Amino acid sequence: MKTPENKPKRIWTVSEAKSRLSEIMRLAEQEGPQQIGVRRPFVVVSVDQWYSMAKPRQSAGKWLVENMPAGIGLDTQFDRKSNRDIPFHGGKKE
């Protein structure tokens, strides 16, 4: 696991965090990330810091266009004629 540059100065126990949540939130805003727990650690950060670190979301359509396979030579031509019966047309084929 990669260690961040701005590692929390203090690690809060879960019981401390329960009783001092408002202080932890204030410190997260003023001093930076606050770590809660050791075995299963969680980090509290301010919303401004969270959004500054988050990548902007990309629409699914834009992602598909940008990640479309290129140069693999797929043949996209196909015959629209079908040998299957068309329902509600008396079993006639087009």
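Ser46 is buried (under 20% relative accessible area, with exposed meaning over 50% and partly exposed in between, using a 1.4 Å probe on protein chains only), and its own value is 16%. Keep in mind that this is a predicted model: local features need pLDDT of at least 70, side-chain atom pairs count only at pLDDT 80 or more, and totals for chains, interfaces and linings use all residues. Residues are numbered from 1 along each chain as its sequence is written, and side-chain values use heavy atoms, leaving out hydrogens and water.

**Around Ser46**
- You'll find Ser46 in the loop between strand 3 (42-44) and helix 3 (47-53); helices (H or I, at least four residues) and strands (E, at least two) are DSSP runs, numbered from the N terminus.
- Setting aside neighbours within four places in sequence, Ser46 is in contact (heavy atoms within 4.5 Å) with Ala28 and Glu29.

**Helix 2**
- Ile24, Leu27 and Ala28 are the buried residues of helix 2 (residues 21-30).
- Looking down the helix 2 axis, those buried residues fall within an arc of 105° (taken from the directions from the axis to the C-beta atoms), so they line one face of the helix.
- That buried set packs against strand 1 (11-12), helix 1 (14-19), strand 2 and strand 3.
- Turned away from the buried side, the other face carries the exposed residues Ser22, Glu29 and Gln30.
- After helix 2 comes Gly32, with a positive phi near 120°.

**Gln35**
- Gln35 sits in strand 2 (residues 34-36) and is buried too, at 14% relative accessibility.
- A polar atom of the Gln35 side chain lies 3.0 Å from the backbone oxygen of Gly37.

Key:
Polar contact = N/O pair within 3.5 Å; in protein donor to acceptor, adjacent residues only side chain to side chain.
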